[in-house]
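The sequence and the structure are shown below.

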Amino acid sequence: MPHPTWPFFNLAIRTPMVELRPVDEALGVQLALLADRGIHPRGEMPFCVPWTDIDPPERYWASMQFYWRCWGSFTAQDWHLPFATLVDGEVVGMQEVAATGFVDLGVIRTGSWIGQEFQGRGIGREQRAAVLHFAFDSLGARRAESAANHDNPASLGVSRSLGYRENGDRWSKTDGYPPVRQVDLVLDREAWEPQRRDDIVVTGAAATLPLFGLA
Ligand SMILES: CC(C)(COP(=O)(O)OP(=O)(O)OC[C@H]1O[C@@H](n2cnc3c(N)ncnc32)[C@H](O)[C@@H]1OP(=O)(O)O)[C@@H](O)C(=O)NCCC(=O)NCCS
């Protein structure tokens, strides 16, 4: 049954490999439990916030609060849209798209993770391609931005294989870890258009557009 009051819960992005659904409470639980099985080796930290170092139940609380906060603080000026990624009905990872001042700038940024057991099979690339299709095709974005630590070949690999270009770097510091050089990447609409796919289907987007401040 369609969700009667919150249009995001009727949104879906489907590719031949993955389905992306905005994170509702049930998907939030599944993502929290997937994270229990590992996202990266202990001692490494690919994220700006070291949330994977927290043990349950505190990590569960923080994750649920993060997803609730995304919905609770969603405005056209500043939004975070977290998707759960499913393969054959199983939750395998998370793909977020976010923006500040999107109506004026048309720029989105992304962040993501895949359960360690599902990594290296092309799912990370596919979920990013799916969310890029939503951003460029459904929302009319001008540019997608991403960033990854210089020593994160998988994340850099996703961006490079989707045609992003490097756009400089900067130093970044995650609590409890040494500073690290982060590589900035951008994919402009002109670079995305030639690789536009016709096998990615977005449903339920129209009802969400007013929440993005889009007609
Ligand atoms: C980053 C992440 C989402 C990528 O997803 P994935 O499913 O593992 O990646 P894919 O299998 O889709 O690979 C994408 C590309 O990167 C390349 N790649 C993947 N892992 C790689 C590695 N360890 N070394 C070099 N290249 C790699 C692949 O060959 C592929 O390139 P191609 O399409 O040209 O063949 C996933 O590895 C992950 O969750 N890592 C831990 C959390 C994290 O780093 N999040 C991102 C923070 S910026």
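The model is predicted. Around the ligand lie 21 residues, of which Pro46, Gly124, Pro153, Gly157 and Ser161 come nearest. Strand E5 (107-114), helix H4 (123-138) and helix H5 (153-161) are the elements that give two or more residues to this shell. H5 gives the most, with six residues. The composition of the shell by class is tabulated here.

| Class | Residues in the shell around the ligand |
|---|---|
| Nonpolar | nine residues |
| Polar | 10 residues |

Turning to the chain as a whole, six helices and nine strands are present. The radius of gyration is 17 Å, close to the 17 Å that the globule rule gives for 215 residues, so the chain is as compact as a globular protein of that length. Along the principal axes, its C-alpha atoms fill a box of roughly 45 × 40 × 30 Å. Buried residues make up 30% of the 215 in the chain. Among contacts with a separation of 6 or more, 63% join residues 24 or more positions apart.

The largest nonpolar core has 39 residues, and Leu31, Ala130, Val131, Leu132 and Ala135 touch the most other members. At least two residues of this core come from each of helix H1 (25-36), strand E3 (78-87), strand E4 (90-100), E5, H4, strand E6 (143-149) and strand E8 (180-188). H4 supplies the largest share, eight residues. Apart from neighbours within four places in sequence, Ala135 is in contact with Val97, Ile108, Ala141 and Ala144.

Conventions
Residues numbered from 1 in each chain as written. Predicted model: local features only at pLDDT ≥ 70, side-chain atom pairs only at ≥ 80, totals over all residues. Near = placed C-beta within 6 Å. Helix = DSSP H or I, 4+ residues; strand = E, 2+ residues; numbered from the N terminus. Nonpolar A, V, L, I, M, F, W, Y, C, P; charged D, E, K, R; others polar. Rg over C-alpha atoms; globule rule 2.2 N^0.38 Å. Buried ≥ 20, exposed ≤ 12 C-beta atoms within 10 Å, placed from the backbone. Contact = placed C-beta atoms within 7 Å. Core = buried A, V, L, I, M, F, W, Y, C linked by C-beta atoms within 7 Å.
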